[in-house]
Amino acid sequence: MTRPTDLLPEGLEDRLPLSAARITNAMRACLDVLHAHGYERVRPPLLEFERSLASRMRGLRTQAMFRFVDPASLRTLALRSDITPQVGRIAATSMRRCPRPLRLAYCGDTALIRASQLDPARERLQLGAELIGADTVAAASEIVMVAVEALKAAGLTGISVDFTLPDLVDTLVARDGDSDPEHIEAVRRELDTKDAGGLKDAGGEAYLPLLYAAGPFDSALADLREYDAGGALATRLDGLEAIAARVKAAHGPDVRLTLDPTERYGFEYQSWFGFTLYAEALRGAAGRGGTYRIGGSEEAATGFSLYVDHLAEVAPEADGGRLVYLPLGHDAGAAAKLRAEGWRTLAQLGEGEDAAGLGCTHVLEGDTPKELEAIQ
């Protein structure tokens, strides 16, 4: 029976064994991929000084974080909502003298004061990789390919990558000599909402072709090149094309590539390149990534983040494996040998236990595990 005092806050939930096992398996699979590609794991603290977090990423809003006063320092602490700024701090301080490019991986919990209607979770398990000290097509390509490989290792299928150009508006208004901040913000707002009528009313008719230069990567890129007659976007479009070519070479037709050049949601601190990952049957995005600058040092970096508890919803169900029931007085040496071989064991604690009801598949007889079904 659930009492009122047992209720959890909105947006938070317990993960029971089957769900927790799926999350753990997906996390291990993703981290194994990052480790195999040379990404070294770091573990930033759950809490930091608010000012430190706010200074490391452009567009990071500490208002979305849980904040309180540290009784030791009397300074404001923040509970992280994103681990990427913390990795940037580590790269710019403790690891500033390490050779570049620096490859770092992480995994940990994050929290938000408020969640969105589309994603009501206020606690998320964030996993990702950051390639620091390189702002090149090769770096961006590696990050996209590793992210896709991680999703595949977690068991996701039907993966698609949607590219975007986060600084598109800034580049175009600089080309056009537009210095009116109100007009620029109005154009951004209408492009964000994909509202052609609103874009016209805001005086942004020249940007209308951008709304239609979206869809399958090759055709959308061709539309963008046609729009970019003056060549203001040429280097970015060449970069996108090269990244897409490398992803196609690595993953072939298994991965669908699309392009939406005006998409900005979730790319507040990205610079010239961003991407969103999707997977079959998964509600919403599986993850995001792109290029950015680390605040303070202004060092270039490229990375991605996955929310493992979210993507684990469609990951294959975890296999509990073989669980051996160890009767009272069992051979401890034989049990240890089984565990070393990859078996799981469950020791009997008292009379009247139901081995099958406890989830066991085998029972130890002497030094040999026997299937419960065969015994029964």
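## Strands, cores and pockets in a predicted model

In this predicted model, S160 stands opposite Y278 in strand β10. Residues are numbered from 1 along each chain as its sequence is written, and side-chain values use heavy atoms, with hydrogens and water left out. Since you're looking at a prediction, local features need pLDDT of at least 70 and side-chain atom pairs count only at pLDDT 80 or more, while totals for chains, interfaces and linings use all residues.

Let's stay with β10 for a moment. Strand β7 (residues 160–164) runs antiparallel to β10, and five bridges join them. β10 also pairs with β11, again in the antiparallel sense and over five bridges; here L277 stands opposite G287 in β11. Strands (E, at least two residues) and helices (H or I, at least four) are DSSP runs numbered from the N terminus, and two strands pair if DSSP finds at least two bridges between them. β10 is mostly covered, with eight of its nine residues buried. Buried means under 20% relative accessible area, exposed over 50%, and partly exposed in between (1.4 Å probe, protein chains only).

Now zoom out to the sheet. Nine strands make up an open sheet with mixed pairing, in the order β1-β5-β6-β12-β11-β10-β7-β9-β8. β1 (40–41) and β8 (215–216) stand at the edges with a single partner strand each, so one side of each has no neighbour in the sheet. β8 pairs with β9 (residues 256–259) in the antiparallel sense over two bridges, and the bridge partner of P216 in β9 is T258.

Elsewhere, strand β4 (residues 76–79) has pairings of its own to look at. β3 and β4 form a hairpin with six residues between them, and L74 in the turn has a positive phi of about 65°.

What about the inside? In soluble globular proteins, nonpolar side chains tend to be buried together. A nonpolar core is a set of buried Ala, Val, Leu, Ile, Met, Phe, Trp, Tyr and Cys residues joined through side-chain atoms within 4.5 Å. The largest one here has 69 residues, and F163 and F275 have the most contacts inside it. Helix α4 (residues 137–153) gives the largest share of this core, nine residues. A second, separate core of 19 residues includes V87, A92, Y292 and I294. Back at F163, the residues it touches include V144, F217, L240 and F275, leaving out those up to four places away in sequence; contact means heavy atoms within 4.5 Å.

Finally, the pockets. On a 1 Å grid over the protein atoms alone, a pocket is an open set of points where a 1.4 Å probe fits, with protein on both sides within 12 Å along at least five of seven lines, and lining residues have an atom within 4 Å of a point. A volume is the space filled by probe spheres set on the points.

| Largest | about 1,300 Å³ | R124, Y265, G266, R288 and Y307 |

β11 supplies the largest share of the lining of the largest pocket, five residues. By class, that lining has 16 nonpolar, 16 polar and 10 charged residues.

Key. Nonpolar A, V, L, I, M, F, W, Y, C, P; charged D, E, K, R; others polar.
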